Amino acid sequence: MGRIVKVSGPLIVAEGLADASITDIVLVGERRLRGEILSMTGDRANIQVYEETAGLGPGAAVNTTGSVLSVELGPGLLENIYDGIQRPPEEIRELTGAALTRGVEIPALNRERVWDFNATAQVGGKVAGGDIIGTVRETSAIEHRVMIPHGINGEITAIQSGEYTVLDTIATIKSEDGKTSDITLMQKWGVRKSRPYKRKHLPTIPLQSGQRVIDTLFPIAKGGTAAVIGAFGSGKTVIQRQIAKWSDVDVVVYIGCGERGNEMTDLLTEFTEINDPRTGEPLIKRTVIIANTSDMTVAAREASIYTGITIAEYYRDMGYDVAVIADSTSRWAEALREISGCLDEMPGEEGYPAYLSSRLAQFYERAGAVECQCGGEPTRKGSLTVIGAVSPPSGDISEPVSQATLRFVKVFWSLDANLARKRHFPAISWLNSYSLYLDNLSSWYDKNLGVSFLKNRENAVALLAEENSLNEIAKLVGKDSFSAAELLALETAKLIREDYLQQDAFVDVDSYSSYDRQVKTLAMILEYDTLARGALQRGVSVKDLSAIEAKTRISRAKTVNDYKSEYEKISADMTAQIKALISGGDAE
């Protein structure tokens with residue numbers, strides 16, 4: 001047992017801990033507040049405390065537990081909300097009242113709830129860490145696959161289906177050296193160590209978000225990494241919530257790192273009420289929420305992203321596609337900076353610790369499309385996609401967190417404050433954003449969406465770039481000097497911007513757009529461009545081409561319910577109307 005000699009915000013210094021190690025969890029003071037050892041010199045330790053340190057002073061007791069910061073993994077994680085170190089605030093509130101009391105310890109997984117375990121392995125079978133031995137229906141949306149904890153292997157000597165709590169023994173494993181291990185529905189894992197896998201593969205399947213600017217222009221692969229970067233009010237949270245709601249993954253882990261409390265309340269309410277398009281059930285049934293609001297301690301905020309991504313890895317190991325939404329890593333980096341300052345470490349750029357880049361790398365590198373670790377089972381694959389938000393001051397991406405993040409992610413969604421002010425959402429800049437997954441995904445696109453999809457994408461990007469160049473010229477000499485083809489390019493680019501890339505998150509039919517709808521919508525817009533360019537050569541004016549009735553219907557097409565038949569009608573009418581203009585032009 002040690003004693004406190006110094007308290008500095010979330011950091012305390014204790015001596016008499018010669019038997020402790022770095023990363024050990026300790027219990028501080030009479031309230032037994034949890035903390036983690038950051039560094040040691042002799043028997044003196046620097047400890048970050050995960051709760052408010054008010055009331056602590058020199059001489060208070062510090063006891064080491066000998067264990068590292070870990071999370072409980074098992075059925076019951078989904079539909080739950082946890083703080084940064086996996087404490088359930090709802091259960092704490094029920095126990096202590098509205099004012100959350102410090103030092104309250106409540107297990108992350110309910111110890112009394114009974115689960116119906118269906119054994120899929122048999123007595124006498126050989127198993128190893130990662131092997132699935134049974135299933136539990138965790139929610140109506142997700143089947144929980146019970147795995148052998150890593151580090152245990154041998155022969156099953158006992159296993160039986162039935163109703164169990166997370167602490168009951170469901171199976172017994174006997175290793176080759178005669179050691180017996182009891183297997184329960186729950187296992188623990190240290191959050192700062194990534195869970196093992198057999199091998200990591202190149203991600204080759206896109207994650208469909210239902211957001212046209214993302215899926216068409218700047219896609220992310222399942223198992224990939226992305227950063228959404230923008231100034232305050234540019235729509236980062238809205239984009240991440242849209243991805244969480246609509247992406248075609250099995251499980252979502254949403255990490256609210258330093259977010260405002262009312263935003264997390266809105267998120268929980270929304271996820272509870274909205275129906276998942278994949279299952280028809282409330283979205284919360286395949287979601288885990290880690291909420292570490294801005295008024296909580298910075299030490300717990302620093303731990304929150306590790307807690308969230310460890311839970312995500314657990315479901316990935318079951319063979320699921322998982323998405324981690326981290327909002328925002330800037331506030332996580334600010335927590336690192338505050339803790340580093342308390343440790344009197346040499347500051348790096350803008351006061352951030354010198355190890356900021358390596359910590360960000362450790363987080364994003366845990367993403368991937370992997371072949372899961374298992375013994376004698378058939379190979380199973382899972383993926384973990386990480387999407388982090390960055391909030392640079394005044395939108396200046398030259399600051400350290402943005403620059404460090406861009407070194408490790410392969411997709412950059414750059415939010416434009418000017419677009420946001422014009423109420424163009426998602427406010428993702430088509431000029432500054434990029435995706436490095438297009439080459440990996442091209443085979444999937446050609447096979448599933450047709451070879452014309454990527455060609456149409458290239459044409460759309462070219463038209464948007466041409467529009468930007470023409471607008472710069474127009475500022476100098478005006479539009480009167482533009483040719484008919486250039487004026488048409490501006491009209492088509494406007495269709496792409498306003499009637500394709502722009503979406504309304506509050507209109508159900510437009511909030512989510514399937515791949516099929518995206519393919520047909522973009523093809524229809526570019527068909528107009530092709531037909532109109534042919535008409536220009538026959539003497540038809542851009543003004544007449546812009547005034548046809550079919551073009552107006554294209555502008556409303558994204559809100560049509562029965563889009564397939566409507567798009568066919570628009571295309572047929574558009575062809576007829578442009579032919580009529582050509583006939584009139586020829587007659588003249």
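## Ground rules

Since the model is predicted, local features need pLDDT of at least 70 and side-chain atom pairs count only at pLDDT 80 or more, while totals for chains, interfaces and linings use all residues. Residues are numbered from 1 along each chain as its sequence is written, and side-chain values use heavy atoms, with hydrogens and water left out.

## The nonpolar cores

Let's start inside. The largest nonpolar core has 79 residues, and Trp413 and Tyr528 have the most contacts within it. Helix H14 (residues 515-536) supplies the largest share of this core, 10 residues. Another core, of 75 residues, lies apart from it, with Leu78, Ala299, Tyr314 and Leu406 among its members. A nonpolar core here is a set of buried Ala, Val, Leu, Ile, Met, Phe, Trp, Tyr and Cys residues joined through side-chain atoms within 4.5 Å. Buried means under 20% relative accessible area, exposed means over 50%, and partly exposed is in between (1.4 Å probe, protein chains only). Helices (H or I, at least four residues) and strands (E, at least two) are DSSP runs, numbered from the N terminus.

What does Trp413 touch? Leaving aside neighbours within four places in sequence, its contacts (heavy atoms within 4.5 Å) include Ile214, Phe218, Ile220, Ile243, Ile387 and Ile428. Ala226, Ala227, Val228 and Ile229 are also among the residues in contact with Trp413.

## Helix H7 and its cover

In helix H7 (residues 356-364), the buried residues are Leu356, Leu360, Ala361, Phe363 and Tyr364. Seen down the helix axis, they fall within an arc of 160° (taken from the directions from the axis to the C-beta atoms), so they line one face of H7. As a reminder, an α-helix has 3.6 residues a turn, so residues three or four places apart point the same way.

The cover over those buried residues includes helices H5 (298-317), H6 (329-342) and H8 (400-406). Strands S19 (225-229), S22 (321-327) and S24 (381-390) are part of that cover too.

Ser330 sits in helix H6 and is buried, at a relative accessible area of 4%. Skipping residues up to four places away in sequence, Ser330 touches Ala389, Val390, Ser391, Pro392 and Val401.

Arg331, also in H6, is partly exposed at 22%. With neighbours within four places set aside, Arg331 contacts Cys257, Gly258, Glu259, Arg260 and Arg301.

Two cis peptide bonds are worth a look. One joins Asp327 and Ser328, with omega about 0°, and Ser328 is in the loop between S22 and H6. Another joins Phe425 and Pro426, with omega about -5°; Pro426 is in the loop between helix H9 (417-421) and strand S26 (434-435).

Which way does phi go at Gln86? Although not a glycine, Gln86 has a positive phi of about 65°, and this residue is buried at 5% relative accessible area. Ser394, in the loop between S24 and H8, has a positive phi of about 60° but is exposed at 79%.

Leu476 belongs to helix H11 (residues 452-477) and is exposed, with a relative accessible area of 75%.
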